[in-house]
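Colleague: Please take a close look at one part of this model, the place where the two chains come together. Then connect it to the rest in a single account.

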Amino acid sequence: MELFTLPFMQRALLAAVLAGLIGPAIGTYIVQRRMSLLGDGLGHVAIAGVGLAIATGTAPLPVAVLVCIVGAIAVELLRQTGKASGDVGLAILFYGGLAAGVLLAGLAGQGAGTLSQYLFGSLLTVAEIDLWVILGLAIVVLVPTIGLSPQLFAVSSDERYARTLGLPVRAYNLLIVVLAAITVTVSMRTVGLLLVSALMVVPVAAANNLLIGFRPALFGAMGLGVVAAVSGVIGSYYGNTAPGSLIVLIAIGLFALSTPLARIVRRRVTPEFEVIDPEPLPHQTEDHTGHTGHVHGPGCGHLAVRHGDHTDYVHDGHRHAPHGDHYDEH
Amino acid sequence: MTRNAGAPSALAVETSGVTVMIGDLPILREITFQVPRGQLLAIMGGNGSGKTTLVRTLLGLQPYQRGKVSLLGTELGRFRDWSRIGYVPQHGESAIRQATVAEVVASGRLAKRRPFMPASRDDRRAVARALERVDLTDRARSPFSELSGGQQQRALIARALTGDSDLMVLDEPLAGVDLGTQDSLANLIAELNLAGLTALVVLHELGPFAGLLNRAIVLREGRIIADGAPPPSMTTVTRPPID
């Protein structure tokens with residue numbers, strides 16, 4: 001466990017915890033708005049910021065944050081005014097960002113190698129001053145994504161309805177993309193700009209599989225994000241790889257596990273179907289022998305159907321309810 | 001039900017000469033009507049007649065080029081009391097994917113809630129009451145997306161009820177639900193209306209609302225072509241008996 005005593009690993013792990021928390025926190029709203037690739041696009045814009053910082057000899061993180069926020073606001077304003085139709089405007093902005101970043105870094109005498117530590121993450125590059133900036137910006141992201149979750153949920157699920165509630169929909173939409181821009185740049189040391197979008201989307205998809213409800217899924221996604229980010233950083237220390245790739249693959253592994261796990265978890269809480277207008281049924285008391293060792297009940301695995309004052313269970317092509325020592329066939 | 005303390009207007013909705021253009025195309029032309037409080041009013045018309053544009057204009061979602069709109073006695077541009085308006089959008093317009101029924105219904109309360117403040121006891125009580133009103137209390141913790149079309153519609157009505165609304169606007173509430181459910185939804189809306197709610201319902205056809213409405217406004221090509229008491233049923237065809 002020597003890795004926990006190494007200062008650069010301590011910083012990398014702290015940065016990973018923060019990236020794991022904020023990526024899914026803002027990602028929840030991005031996924032709800034069906035804009036899962038926004039993070040990817042903003043990552044490309046942030047590359048221009050990194051290139052600019054390299055060219056001007058300034059600290060990459062603050063410059064990338066500013067450039068990415070400007071790009072995010074431009075994207076959202078294009079969307080709000082309906083000028084981003086066909087995604088051509090977005091594509092120009094995003095690829096323009098990537099091209100500008102590579103060009104600026106090249107002009108400063110740096111090749112793609114210098115940029116790659118920002119594209120896929122790097123354990124060695126989290127300086128102490130960076131950690132404070134990352135911590136500050138993570139708080140800036142977490143406070144509204146948790147504190148304003150009912151408002152941001154309403155705006156991301158139905159803008160028009162949110163407007164009839166008197167909510168400042170445009171301001172909230174701008175807030176979402178600005179927080180996404182901050183998240184992308186804050187995570188560039190850990191996951192990297194090309195892979196950060198996965199940390200915003202994949203844990204959210206896994207939590208949506210596992211948990212019922214918007215807030216449980218929000219916190220669940222943040223938990224899964226931390227698990228993926230921290231285990232990815234630890235694994236990359238031993239494997240001597242860029243942490244971003246491992247973080248994303250672990251997140252995808254969690255998502256793959258979430259589907260079969262969800263079947264088990266959700267079956268326990270699957271609500272009953274309801275027969276809205278049950279037809280009057282004769283009381284049949286057929287002998288049923290297919291139940292040796294099995295008692296129907298919530299979570300037994302058979303489809304439950306609410307039927308008037310009791311619950312029927314469906315199996316093997318029929319529907320019935322236990323009644324005393326026998327089953328009533330319905 | 002709490003009411004606004006200000007001098008109440010006798011009119012829930014008032015429009016005069018409202019004209020909406022989308023590009024060069026007139027969608028609504030010179031729409032003038034008044035809805036007294038307590039009415040159960042249908043806005044009817046064929047596809048493209050302007051019904052949905054009209055309700056969106058009333059709710060401030062669609063800019064209008066000429067005319068005047070007032071809600072509950074206040075001109076639309078100055079209207080801020082959105083908790084008194086309940087809007088039930090057309091089925092399938094929302095992208096609600098992850099939330100529980102209770103979370104969806106609770107979002108109707110946001111017009112009354114302050115940012116960063118957790119839900120108060122009043123908020124939770126309003127949500128529980130609204131769920132009870134539409135008979136969905138036992139589904140409160142179910143995923144919204146797993147409800148039937150009729151139950152989703154009832155949940156959206158509950159959402160619109162949480163803000164102590166005086167006026168409810170429903171855009172085609174019967175679309176996409178089976179006939180039995182249409183009857184129960186129409187009865188629910190009529191019951192709410194009897195309890196004092198003004199209800200403005202966009203309908204494709206009268207269906208189970210026949211006999212429940214006070215009034216129907218019929219649109220064609222963006223104009224009001226009829227306004228008055230609806231016939232008992234506009235859809236039933238009476239056949240001569242075969243013997």
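**From the chains to their contact**

Modeller: Chain B has five helices and 10 strands. Keep in mind that this is a predicted model. Chain B runs to 243 residues, and 52% of them count as buried. Its accessible surface is about 11400 Å², with 50% supplied by carbon and sulfur atoms. Take the contacts in chain B with a separation of 6 or more: 70% of them join residues 24 or more positions apart.

Chain A is built from 12 helices and five strands. Of its 330 residues, 48% are buried. Chain A exposes about 14600 Å², and carbon and sulfur atoms account for 66% of that. For contacts in chain A with a separation of 6 or more, residues 24 or more positions apart make up 72%.

Now the contact itself. Chain B contributes 31 residues and chain A contributes 34 residues. Together the two chains bury about 2900 Å². Of that buried area, 56% lies on carbon and sulfur atoms. Salt bridges between chain B and chain A number zero.

Start on the chain A side with helix α7, residues 149-157. This helix is mostly covered, with eight of its nine residues buried. The buried set is S149(A), Q151(A), L152(A), F153(A), A154(A), V155(A), S156(A) and S157(A). What do these buried residues pack against? Within chain A, the partners are α1 (7-32), α6, α8 (159-164), α9 (169-186) and α11 (214-239). From chain B comes α2 (101-107). So the cover of α7(A) draws on both chains, where buried means under 20% relative accessible area.

Next, helix α6 of chain A, residues 128-147, which holds L135(A). L135(A) also belongs to a nonpolar patch on the surface. The other members are W132(A), I139(A), V143(A) and, from chain B, F116(B). Together the five have about 510 Å² of accessible area. Why can L135(A) be in a surface patch? Its relative accessible area is 32%, so L135(A) is partly exposed. That value passes because a patch residue needs over 30% relative accessible area.

Now to the strands of chain B. Four of them form an open sheet in the order β2-β1-β4-β5, with antiparallel pairing. The edges are β2 (25-36) and β5 (74-75), each pairing on one side only. Strand β1, residues 11-22, pairs with β2(B) in the antiparallel sense over eight bridges.

Strand β6 (residues 85-88) and strand β7 (residues 167-171) are joined over four bridges. Here I85(B) stands opposite L167(B) in β7(B). Side chains in a regular strand alternate between the two faces of the sheet. In β6(B), I85(B) and Y87(B) point one way. G86(B) and V88(B) point the other way. Are these residues of β6(B) buried or exposed? All are buried.

To return to your request: the contact has 34 residues from chain A and 31 residues from chain B. Look at α7(A), whose buried residues pack against α2 of chain B.

Technical notes: Residues are numbered from 1 along each chain as its sequence is written. Chains are lettered from A and ligands numbered from 1 in the order in which they are written. This is a predicted model: local features need pLDDT of at least 70, side-chain atom pairs count only at pLDDT 80 or more; totals for chains, interfaces and linings use all residues. Side-chain values use heavy atoms; hydrogens and water are left out. Patches are made of residues with over 30% relative accessible area and no salt bridge: like charges are joined within 9 Å, nonpolar side chains (Val, Leu, Ile, Met, Phe, Trp, Tyr) within 5 Å. Accessible areas come from the Shrake-Rupley method with a 1.4 Å probe; for residues, only the protein chains shown count as cover. A salt bridge is a side-chain nitrogen of Lys or Arg within 4 Å of a carboxyl oxygen of Asp or Glu. Helices (H or I, at least four residues) and strands (E, at least two) are DSSP runs, numbered from the N terminus. Buried means under 20% relative accessible area, exposed over 50%, partly exposed in between (1.4 Å probe, protein chains only). Two strands pair if DSSP finds at least two bridges between them. Contact means heavy atoms within 4.5 Å. Buried area is the accessible area (1.4 Å probe) that two parts lose on being put together, summed over both.
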